[in-house]
Amino acid sequence: MKKTIFTIIFTIVLGMAVKAESDIVVLNDGTIIKAYNLDYSSSDKCYYSLDEAGENMKFLKKADIMIIKLANGTKIDPNEEHKVVEASGADAGNITFGENPGKHAPVTYTVDMSSFIEMSGKGERGGSAVIERFYLVPGDQNQLINIRILSDTDKTVAVAKPRKKMKYEENVYIIPEYVKIGDDTYVVTEIDSEAFKCGTLFDFKNIKKIVLPSTLKKIGDRAFYGRQAIESVYVPDSVETIGSEAFSRVGNKADNWRALWIPKSVKNIGGNAFWASGHHWSPKGKYQGPIDCMPDFVTPETCDRYGIDDSAVEEYRRKHDAR
């Protein structure tokens, strides 16, 4: 009887909200939430924001959620591995297959102005030392990000290695598209070498998913090296360069490894970028797991240099040709 009442409430309210751009989350107690930037890929939580800007991310436990209705009309039970309950009418045709699973609405965080420091860094190609500027960016759920200013003219920043020990115990870590510094908004375009490498000051052994920004252009050498619990690597469609060993040894102890997504936008991949990643690899450590997208220059003849086994490339081609 209780569930029937909730279902009636759910049907009435969702019927009124069909034209809304937000997704709708209905809790077991009947509470209805308009959610933006909804991400239900975590094993036990759903992340969302209260506005499109995504400046204040929140989360709900999946166990507390009855059902989700996406803006396109699709209904989802979050407690059953992304099971689609129903897709109604013309909205059912709006579901797009083959899209980057990491695609999401832009997120904006604001820096802690009191965290500003200047440090001496190396100039490009061994040039003279330069003064680099850093800020800490507080995110959701006690998340901290250390950013480095790339250009004040272009308003761009990079995610840098932590300058002090950072501990983060949630399963999902979000790197925003934009950070606000005073009155200016900067774009996150790079992740520095070894920024999240295992063994650095960054303690986030529980993280299963890292949400990468859709503004990203470059991922540095060994950026995520050795992060064994991550369950997938979905590189944004904006990325052009992936550094050497950037995702080496990522996900090889994950509870549920899913796939690689290397977008067609990528022009350069460093040596062994995906070596020993996921659950399956060759005796030489070459990745043999599923691939959902891959640049055309990665072929059975060239894949070895990137840490990918030719069997994975051939399987990707078979799946791709069958679509």
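Let's start with an open sheet of three strands, ordered β20-β22-β24 with parallel pairing. Strands β20 (233-234) and β24 (291-293) stand at its edges with a single partner strand each, so one side of each lacks a neighbour in the sheet. Strand β22 (residues 260-261) pairs with β24 over two bridges in the parallel sense, and Leu260 has Ile291 as its bridge partner in β24. Here strands are DSSP runs (E, at least two residues) numbered from the N terminus, and two strands pair if DSSP finds at least two bridges between them.

This is a predicted model, in which local features need pLDDT of at least 70, side-chain atom pairs count only at pLDDT 80 or more, and totals for chains, interfaces and linings use all residues. Residues are numbered from 1 along each chain as its sequence is written, and side-chain values use heavy atoms, with hydrogens and water left out.

| Pair | Sense | Bridges | Facing residues |
|---|---|---|---|
| β1 (residues 23-27) and β2 | antiparallel | four | Ile24 and Lys34 |
| β2 and β3 (residues 45-49) | antiparallel | two | Asp39 and Tyr47 |

β1 and β2 form a hairpin with four residues between them, and Gly30 in the turn has a positive phi of about 95°. Strand β2 (residues 32-39) is mostly covered, with six of its eight residues buried, meaning under 20% relative accessible area (1.4 Å probe, protein chains only).

What lines the second largest cavity? Its lining includes Asn146, Val159, Met166, Tyr173 and Phe202, and the lining residues divide into eight nonpolar, one polar and no charged.

Conventions
1 Å grid on protein atoms, 1.4 Å probe; cavity = no way out; pocket = protein on both sides within 12 Å on 5 of 7 lines; lining within 4 Å. Nonpolar A, V, L, I, M, F, W, Y, C, P; charged D, E, K, R; others polar. Buried < 20%, exposed > 50% of the residue type's maximum accessible area, 1.4 Å probe, protein only.
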